[in-house]
Amino acid sequence: MARRANDVKSQPWIRWQDWAAVALGVYLMLATLWTTTTGSALSTMLVLGALLVVAAVWSLAMPGSMASEYAHMAIGVLLFISPWVLGYSALAGAAWTSWVVGILAVIAGGAALPEATAAHRGGMASSH
């Protein structure tokens, strides 16, 4: 029997957007090894990188969770504004890493949102 496209999208562990978010979170944490950081930059990159990985794994495990995709985007926004808010915008490597990874996290979360919504609706329809 052929699978519908929505069935494939609702399977766990397959969405490329969530795997991209995992890679972004890991990269963000590892970037602290080769970029000059201060205490606030180091803490921010480690904590938000770890939170991004957790949100991405949550999305991978539960493809119908729209909240996890919104979490990607919220973490991305926090990451993007953190160099200015936490005062490390003068550290070019740490700031640019935060800005780029933040933007890419928002894009990954936004790109996965339609599929998460479809999986969510499909899961709700079958549970009612």
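Glutamate 69 and arginine 15 are both buried, where buried denotes under 20% relative accessible area, exposed over 50%, and partly exposed in between (1.4 Å probe, protein chains only). The structure is a predicted model, in which local features need pLDDT of at least 70 and side-chain atom pairs count only at pLDDT 80 or more, while totals for chains, interfaces and linings use all residues. Residues are numbered from 1 along each chain as its sequence is written, and side-chain values use heavy atoms, with hydrogens and water left out.

Glutamate 69 and arginine 15 form a salt bridge whose closest N and O atoms are 2.8 Å apart; the term requires a side-chain nitrogen of Lys or Arg within 4 Å of a carboxyl oxygen of Asp or Glu. Because glutamate 69 lies in helix H4 and arginine 15 in the loop between H1 and H2, the pair ties together parts that are 54 residues apart in sequence. Arginine 15 also forms a salt bridge with aspartate 18, with the closest N and O atoms 3.0 Å apart. The relative accessible area of aspartate 18 is 0%, so this residue is buried; arginine 15 counts as buried at 3%.

The chain holds five helices and zero strands, assigned as DSSP runs numbered from the N terminus (helices: H or I, at least four residues; strands: E, at least two). Buried residues account for 40% of its 128 residues. Among contacts with a separation of 6 or more, 68% join residues 24 or more positions apart, a contact being heavy atoms within 4.5 Å.

Apart from its neighbours within four places in sequence, leucine 52 is in contact with Ala21, Leu24, Gly25, His72, Ile75, Val101 and Ala105.

Helix H4 also takes part in the surface. Its buried residues include Ser68, Glu69, His72 and Ile75. A nonpolar surface patch of about 1,100 Å² has among its members Phe80, Ile81, Trp84, Trp96 and Ile103. Patches are made of residues with over 30% relative accessible area and no salt bridge, like charges being joined within 9 Å and nonpolar side chains (Val, Leu, Ile, Met, Phe, Trp, Tyr) within 5 Å. Accessible areas come from the Shrake-Rupley method with a 1.4 Å probe, only the protein chains shown counting as cover for residues. H4 (66-85) and H5 (92-127) each supply at least two residues of the patch, and the largest share, six residues, comes from H4. Isoleucine 81 of this helix is partly exposed, with a relative accessible area of 34%.

Glycine 87, which follows H4, has a positive phi near 75°. Tryptophan 13, although not a glycine, has a positive phi of about 70°. Most residues other than glycine have a negative phi. Tryptophan 13 lies in the loop between H1 (5-9) and H2, and at 44% relative accessibility it counts as partly exposed.
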